[in-house]
Amino acid sequence: MAAVYQKFTLGTTITAEQQAFFNQHGFIHFTNFIKPETVADIIKASEQVQQQWIDNKVEKINGVPVKYGKDLDGSPIVQRFAFINQHHAVLNEFTNDPRFQVLLNLIGDGARLGTEEKDGMVFNHYVNGPESSFTKMGWHTDGLRDIFHGQRLNPMLNVGIHLSTLKAENGGLRILPGTHRQNLYQMLFRKKYFLDHDTDENEVAITPNAGDLTIHDGRLWHRVAQSTITGEASRRRVIYIPIIAGKFEPKKADSPTAFYQRFAGIVK
C-alpha cells in the first residue's frame, strides 16, 4: 500500500490530481504548510495555555475532558487540549489563515472550519516516558460521534498540522487508505474501537516534517501508534481541526460531556 502515499504542495486551489487522490484514498499530505517560526510560536502558545489550565485545575473545556499527564521529569502537562484556539490569541488567529478556506473545497458547498464545534482545535502532546498517560490511541473512525449522537453521518475531515518531524519509529498517525468508502457495518465493526492497537498489514504510516499538513476523512479507520523510542526523542505535537458540513452545532461552557468521551481513560 506504500504506493498510495504521495506528498503534495498546497496552492490557491485544490487541483484535479489532489482531489482525485483524496477521493480515492481518503487522505492527503501537504508539505511546508507553516514555517519553523510559526511552529515555535504555536508550541509556545500551547505551553502558556497549559500553565493556565494547570494553575486553575481546569477539568473540561466546553464539556470535553482535558487529558493531563506527566512529562519526562515528572512535572504535570496537558496531553490533550480541546478548543485551545479559544484560549490564546495566536491560535485563534492561526485559524483565520485563508488557506484553510482552500481546503474546504475537498468537501464542497456548505463546508466550514469547526473552530466552535466537535472539539474545536485539538492540540495533542505525546511523550513516551515512564509516567506518560497518553502515548497511543487504538483504531477508530471520527464518524462514530455522529452515530452516538443519533445523527446522520455528515461529511467531516480532520486537518492535522504537524509540529514535529516524524519517522515511522516515532509512532504517530496510521491510516487504512480507502476505508472511507466502507459501509456502515464495516465502520462499526471492522475493528474494536480504541481497544485494538494491532498493526494492520494495509496500514500506512504518516511521516510528516514539522510544518506539514495532512487531512483524513472522518470515516477512515486510523490509529495513533506508540513511539518505539523513549525519552525526549519521542516527543511529538500535532494540532487537529475539523472541517465539517451540516447543521451548525457550536459547543459552550455548559455543553454536556459526550457519552464516548467518558471512556477517555482507555487511551494510554
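This passage describes the fold of a predicted protein model, from its overall make-up to single residues.

The protein has 268 residues, and 56% of them count as buried. Its secondary structure consists of six helices and 15 strands. Among contacts with a separation of 6 or more, 82% link residues 24 or more positions apart.

Strand E13 spans residues 213–217 and is mostly covered. Five of its five residues are buried. The cover extends to both faces of the strand. Leu213, Ile215 and Asp217 lie on one side, and Thr214 and His216 lie on the other. E13 pairs with strand E2, residues 27–30, through four bridges. The two strands run antiparallel. Within this pairing, Phe27 has His216 of E13 as its bridge partner. Strand E10, residues 156–162, is joined to E13 by five bridges. This pairing is antiparallel too. Here Ile161 stands opposite Leu213 of E13.

The largest nonpolar core contains 59 residues. Phe30, Phe100, Leu103, Ile161, Leu163, Leu213 and Ile215 touch the most other members. Helix H2, residues 36–55, gives the most to this core, with six residues. Leu213 and Ile215 belong to the buried strand E13. The surroundings of Phe100 show how parts of the chain meet. Beyond its neighbours within four places in sequence, Phe100 is in contact with Phe33, Phe94, Thr95, Leu113, Val159, Ile161, Leu213 and Ile241.

Gln18 counts as buried because its relative accessibility is 4%, under the 20% cut-off. Not counting residues up to four places away in sequence, Gln18 touches Phe8, Thr9, Thr13, Ile28 and Phe30. Of these, Phe30 is one of the core residues that touch the most other members.

A separate description applies to an open sheet of four strands. Their order is E9-E14-E11-E12, and the pairing is antiparallel. Strand E9 (137–140) and strand E12 (204–205) form the edges, each pairing on one side only. E9 meets strand E14, residues 222–225, over two bridges in the antiparallel sense. Met137 has Val224 of E14 as its bridge partner. His140 stands opposite His222 in E14. Strand E11, residues 172–175, is joined to E14 by four bridges, again antiparallel. Ile175 of this pairing stands opposite His222 in E14. His222 therefore faces both His140 and Ile175. Both faces of E14 are covered. His222 and Val224 are buried on one side, and Arg223 and Ala225 are buried on the other.

Arg223 has its place in strand E14. Its relative accessibility is 7%, so Arg223 counts as buried. Two polar contacts of its side chain stand out in the model. One is with the side chain of Glu203, at 2.9 Å. In the other, a polar atom of the Arg223 side chain lies 3.2 Å from the backbone oxygen of His197. Leaving out residues up to four places away in sequence, Arg223 touches Met137, Gly138 and Trp139, among others. Its contacts also include Gly172, Leu173 and Arg174. His197, Asp198, Thr199 and Glu203 complete the list.

The loop between helix H6 (184–189) and E12 holds Asn202. At 34% relative accessibility, this residue counts as partly exposed. Asn202 and Ile175 are 27 residues apart along the chain. Their C-alpha atoms are separated by 8.5 Å. Ile175 is the residue that stands opposite His222 in E14.

Terms used: Residues numbered from 1 in each chain as written. Predicted model: local features only at pLDDT ≥ 70, side-chain atom pairs only at ≥ 80, totals over all residues. Heavy atoms only, no water. Buried < 20%, exposed > 50% of the residue type's maximum accessible area, 1.4 Å probe, protein only. Contact = heavy atoms within 4.5 Å. Polar contact = N/O pair within 3.5 Å; in protein donor to acceptor, adjacent residues only side chain to side chain. Core = buried A, V, L, I, M, F, W, Y, C linked by side-chain atoms within 4.5 Å.
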